[in-house]
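Dear colleague,

Please find below the structure that I am handing over to you, together with its sequence. My notes on the fold, the ligand site and several side chains follow.

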Amino acid sequence: MFKYDDTNIFAKIIRGKLPSDKVLETEHALAFHDINPQAPIHVLVIPKGPYVSMDDFTANASAEEIVGLWRAVGEAARLLDLVEGGYRVMSNHSANAHQEVFHLHIHILGGRPLGPMLEGGDIPPNGTWHRPA
Ligand code: AMP
């Protein structure tokens, strides 16, 4: 898998070298608005530790870091008043998921009905997808 590169954009945001529109900061996590929002509310929640993606994080982060990140996801959604209307949480790992920034980030999307889970791409009609054996 990829080696962590601390010149990535989100590492610079954590170090205060680049600005962000901050929602929440805790010991283990930082939440800020996405610069190119795909919904009325589109926030990213990142761990402060150097993890490339969900794969790296779930294999190598401490229990405190994992709890800290997920608590921050819930807390950010509450601060953004998304609980009643609903929201979607997702994270892209590597090529098939089109990951663009190689520091783990959890997307929180909300503020309007978000439609089906996946839109676009080469998606077969319901029921015709087969898992690889
Ligand atoms: P992904 O495709 O999951 O890697 O998503 C990367 C996300 O980071 C995209 O939604 C970008 O709009 C967002 N992004 C890139 N640079 C910044 C930045 N400086 N501040 C906030 N969001 C950013």
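From the N terminus on, the elements of the chain follow the order α-β-β-β-α-α-β-β, which comes to 3 helices and 5 strands. Helices (H or I, at least four residues) and strands (E, at least two) are DSSP runs, numbered from the N terminus.

Please note that this is a predicted model, in which local features need pLDDT of at least 70 and side-chain atom pairs count only at pLDDT 80 or more, whereas totals for chains, interfaces and linings use all residues. Residues are numbered from 1 along each chain as its sequence is written, and side-chain values use heavy atoms, with hydrogens and water left out.

The chain as a whole

Of the 133 residues of the chain, 36% count as buried (under 20% relative accessible area, with exposed meaning over 50% and partly exposed in between; 1.4 Å probe, protein chains only). The chain exposes about 8,800 Å², and carbon and sulfur atoms supply 54% of this area. Accessible areas come from the Shrake-Rupley method with a 1.4 Å probe; for residues, only the protein chains shown count as cover. Among contacts (heavy atoms within 4.5 Å) with a separation of 6 or more, 57% are between residues 24 or more positions apart.

The ligand site

There are 15 residues around the ligand, of which Asp34, Asn92, Glu100, His105 and His107 come nearest; a residue is near a molecule if one of its heavy atoms lies within 4 Å of it. An N or O atom in the side chain of His105 is 2.8 Å from an oxygen atom of the ligand. For the side chain of His107, the distance from an N or O atom to an oxygen atom of the ligand is 2.8 Å. A backbone N or O atom of Val101 lies 3.0 Å from an oxygen atom of the ligand. On its own, the ligand has 510 Å² of accessible area, and the protein covers 84% of it. Helix H1 (9–14) and strand S2 (29–33) are the elements that give two or more residues to the shell around the ligand.

His42 is found in strand S3 (residues 41–47) and counts as buried, at 5% relative accessibility. The side chains of His42 and His107 are joined by a polar contact of 2.8 Å (a pair of N or O atoms within 3.5 Å; within protein, one must be able to donate a hydrogen and the other to accept it, and residues adjacent in sequence count only if both atoms are side-chain atoms).

Not counting residues up to four places away in sequence, Leu44 touches several residues, including Phe10, Phe32, His105 and His107.

Aromatic pairs

The structure holds 2 aromatic pairs. Rings of Phe, Tyr and Trp (its six-membered ring) pair if their centres lie within 6.5 Å; planes under 30 degrees apart count as stacked, over 60 as edge-to-face and the rest as tilted. Phe10 and Phe32 form an edge-to-face pair, 5.4 Å centre to centre with 75° between the planes. Phe10 lies in helix H1 and Phe32 in strand S2, so this pair ties together parts that are 22 residues apart in sequence. Tyr51 and Phe57 form an edge-to-face pair at 5.2 Å centre to centre, with 75° between the planes.

Yours sincerely
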